[in-house]
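Hello,

I am handing over the structure below. My notes on it follow.

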Amino acid sequence: MSEAKPLPKFAVLQLSGCAGCEVSLINATEWVDNYQLVYMPLVVSTTAVPDDTEILLVSGGVRNDEDIYNLRKAAAKVDRVIAVGTCAISGGVSNLGDRDDVRNIFLAQSTRHHLPHLLPKSHPIDAFVDVDLYLPGCPPTPELFMAALTDPEGYEAGSIVCVECGRKKLKDMRPTHLVGFQQGEVLPDICLINQGYLCVGSSTRGGCRAICTKPGHPCVGCRGPSNAYIEKESSVWFDRVQQVFERMTDIPPEEIKEALHSPQLSLFLFQFTDYSEGGRPPRPKEKVL
Amino acid sequence: MTTLRFPLSRIEGHARVEMEVQDGEVVSAQFQAIEMRGFRYFVQGTPAEQMPVIVPRICGVCSTAHHVASVKALENALEVEPPKLANEIRELLLLGQLIQNQATSLFIFTMPDRVGASSIFHMEDSEANPEQQLSLAQRALKVRQIGTKLITLAGGQFIHPVKAIIGGVTSGIKAEDAKQMLKELQDTITTACELFDEYWDMSLAMKERIGTWGDDEPACYIASTGVNRPEFNSSVIRVLGPNGNEKATFPPESFRDFLDYQTTDYSFAGKSSFEGMVLRANSLARMNLTRSMGTPCADYYLERLTTEFGKPAHPILLFDLCRGIELVYAFERAIEMLSEDLDYEDTSVPYSLRDGEGYGLVEAPRGPLIHHYTIENGLIADAEFIIPTVHNMGAIERALKVAGERYITPQGINLELEKAVGRVVRAFDPCIACATQ
C-alpha cells in the first residue's frame, strides 16, 4: 500500500472581529478529514502559522498595530490567502466607527500602557496583503467555507438572494410606505418588498441560501453586491435597489433613497462603499465567491 | 522583577496573561484583553430598530444572547410586552446558544487540556490513541452542531440571528420542522451524555495528576437564573455570598447600586466586584444559585456534583463540569419545548417608536448580560453593554495568582505553570470580544 499523501495544511488567522466566521467554520465538519488545521488560536494551541501552510483564511478587520504585524507575518508564509467575512473584506461592522467623533475615541485609547495601538479606523486586509479569494458574508455559511476550501469555481449559487429565497413577488400588492425595519406581521411565502420591507436581496449576491429572508427578515446585504454590480461604483448598486422598489411598490422614491442612505441599513451597505470608493480598486468578480 | 507573558488560545478573542515575579514571589497576575472594536461608540446614531441585527456582531459566539438582550432593552424602553409564543421561541434560541457554547467550551476549548493535546483536531501530540481522538472530534462537532441547528430554527440566521423583533418574533416554528429538530435532539442527546461522562472521568484523572481543582476559595456568585430551575430569558439578577446566603436581588436597571466597576490601564476590559469581594459568573454561579435543573438527566449529574463537592461549590475547575450539566439540560429542555405546539397565532404585538430608556437582561452562557439603551428621535443616543465576562475578571486574576504561587518558587518556575494558566482562564470561558466590545 502506498503511503497516503499528507493532507493539505490550512491556517485561520483571526484579526479584530467577532469570531463568528470561525464559529461558522467549525459548523462545517467535512474539512476535518480533508485538511490539517495547523493554526487557529480559537481551537488550537499553537503560536505561529507553520512555514509549509498552503491556505490562510483571514477573518476580522485590521484594527490595531498587532493585527498588521500578525497579518503580514502569516500571509508571507502561505500560498493562498482567503479573506473571509465582511470585516476582513471591507472593515465590516467596525467600519461604522469610521467617523470623526468615534475616531477620536479610538485615538484617545491608543496610548494606553501595554496594549496594542488602535488605528484610527478598521481596515480591510487587502490594504496590507494580496488576497486570492474573497468570501463575503456575515458570516459566510459553513457550505461557503467548504466551497472556498475545496472547489470555489464549482460552487453553484443563485446570482442574487431572491433566486434562493423563493418568496413570491406579487404584481398587485404594492405598499405605499416602508414599514419599520422589523415592524409588523410577516406573511409567509410573499416577497418582503411586497410587504413594505426594505429588503436588498434583489441585488445582493446569492450563496447564503436566503437564511434571513426565508424566516421573514429583510436581507441586509451582508454578502455584498452581486456580480452585476461588484466591479461598479456603489451608487450603481444603490440605484438598482431603488429601481426594484419603484417597479414593485408605490413607495415614494425619496423615502427609499433616504432609507438606503441614512443610517438605516448602514450596517452593511455602508461598508461596501469602499469597493469602489476610498481609493481602493473594486474586487474583480472572479476573485469573489 | 521578571515579567512572564503567556499568550492564550482556545478562548474567544484576543487576550494574554502577564505575571510579575520577584524573588520567587508572584507580585501581580494580570489578565489583559487586548482588542477593542468600540460598539458602544459607533452604534450611537443608529436607528434603534436596527440594534437587534447589529449587536449580535459584538460576538459570533454569544450573538444570540446579544440579539435577545437587545430586543428586550428596546421593548423595555418602548413599554412593549411580547406574547407568550415569542418568549418561548426566544428561550429556544437561548437553549440553542447554550448547547453550542457549552459544547464548544467543553469539547473544543478544555477537553484537549485533559488529554494533553493542543487541540481536539490533533491526534499526533495526544496521549490518547489516535482512533479514539478522531471519534472524539467528530462526536464533539456533531453535538455542538445541534445547537447551531436549533439557533437556525428559532432564530433564522445561524450565527447572527434575526427572528427576535421588538414586540415578538417574525415567525413561530412549523410542526414538521419542530418534529425534525426533536428527532435530531433525541438522536444526539445520548452522544452528548457519553461525551460528558468521558469528560468527567478525564477531569477526575487530571485532578489526580495535577493535585488541585484550581482556586477553590469561596467567592460571591452572580446569575440571573431561576431560584428553583434554570432560566435564561431572565428578569432578575441575584448575588450569593461566599457562605451560600443570598446577598442581593435586583432588576437590571439597578446594577450600579450593587456592583462596583473598575477600569485598568492594562486591559480594554474593566472588572466588577460586589461589596469589595471577588465575583464569579457563569455555569458554577448558576449551579450555586439554582435548586435543581428540572430535567431528569441534568438533575442526575447535578446531584452527583453536589454529593462530591457540596453546595455552594467553589473550586474553579467545576465551572467546566457545570457546563456539561447545562449542556444536558439544554438538550432535555429543548426536547420538552419542541414537543409542544410552537406555531400558534400572535407572534408579535405592535409598537410605536418613541423616546425612552430601556434595559434588557438575559442569562448568557457566561452570566447575566445587560443591554441599556437611550432612544432619541428613533435613534440610539447612548448604549451600554454590561458584559458577564467583566464580572469574572477579578476572579480570573485571583485564580491566576493562586496558580502562579503554586508553580513559582524561589528555586524556579515549574513548566506546568503555562498549562495551569490556560486551564484557569478556560475554566471561566471568558469572551474577550464581548468584554471589550
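Where is the place of B:P312? B:P312 sits in the loop between α9 (296–309) and α10 (318–338) of chain B. Helices (H or I, at least four residues) and strands (E, at least two) are DSSP runs, numbered from the N terminus. The bond joining B:K311 and B:P312 is a cis peptide bond, with omega about 0°.

Some ground rules. This is a predicted model: local features need pLDDT of at least 70, side-chain atom pairs count only at pLDDT 80 or more, and totals for chains, interfaces and linings use all residues. Residues are numbered from 1 along each chain as its sequence is written, chains are lettered from A and ligands numbered from 1 in the order in which they are written, and side-chain values use heavy atoms, with hydrogens and water left out.

**Backbone, chain A**

Most residues other than glycine have a negative phi, and most peptide bonds are trans. The peptide bond from A:C138 to A:P139 is cis, with omega near -10°. A:P139 lies in the loop between β7 (133–135) and α6 (142–150) of chain A. A:R209 is not glycine, and its phi is positive, near 65°. Look for A:R209 in the loop between α7 (161–165) and α8 (227–230) of chain A.

**Where the chains meet**

Chain A brings 64 residues to the contact and chain B brings 66 residues (contact means heavy atoms within 4.5 Å). The area buried between chain A and chain B is about 5,500 Å², and carbon and sulfur atoms give 59% of that. Buried area is the accessible area (1.4 Å probe) that two parts lose on being put together, summed over both.

One salt bridge is found across the interface of chain A and chain B (a side-chain nitrogen of Lys or Arg within 4 Å of a carboxyl oxygen of Asp or Glu). A:E66 forms a salt bridge with B:R16, and their closest N and O atoms are 3.1 Å apart. On the side of chain A that touches chain B, the elements that each supply at least two residues include α1 (20–27), β4 (62–64) and α5 (100–109). The largest share, five residues, comes from α1(A). By class, that side has 35 nonpolar, 23 polar and six charged residues. Ala, Val, Leu, Ile, Met, Phe, Trp, Tyr, Cys and Pro count as nonpolar, Asp, Glu, Lys and Arg as charged, and the others, Gly among them, as polar.

**Salt bridges overall**

The whole structure has 35 salt bridges over all chains. In one of them, the side chains of A:K9 and A:D52 meet at 2.9 Å, N to O. This pair links distant parts of the chain, 43 residues apart. A:K9 is in strand β1 (residues 9–14) of chain A, and A:D52 is in the loop between β2 and β3 (55–59) of chain A.

Best wishes
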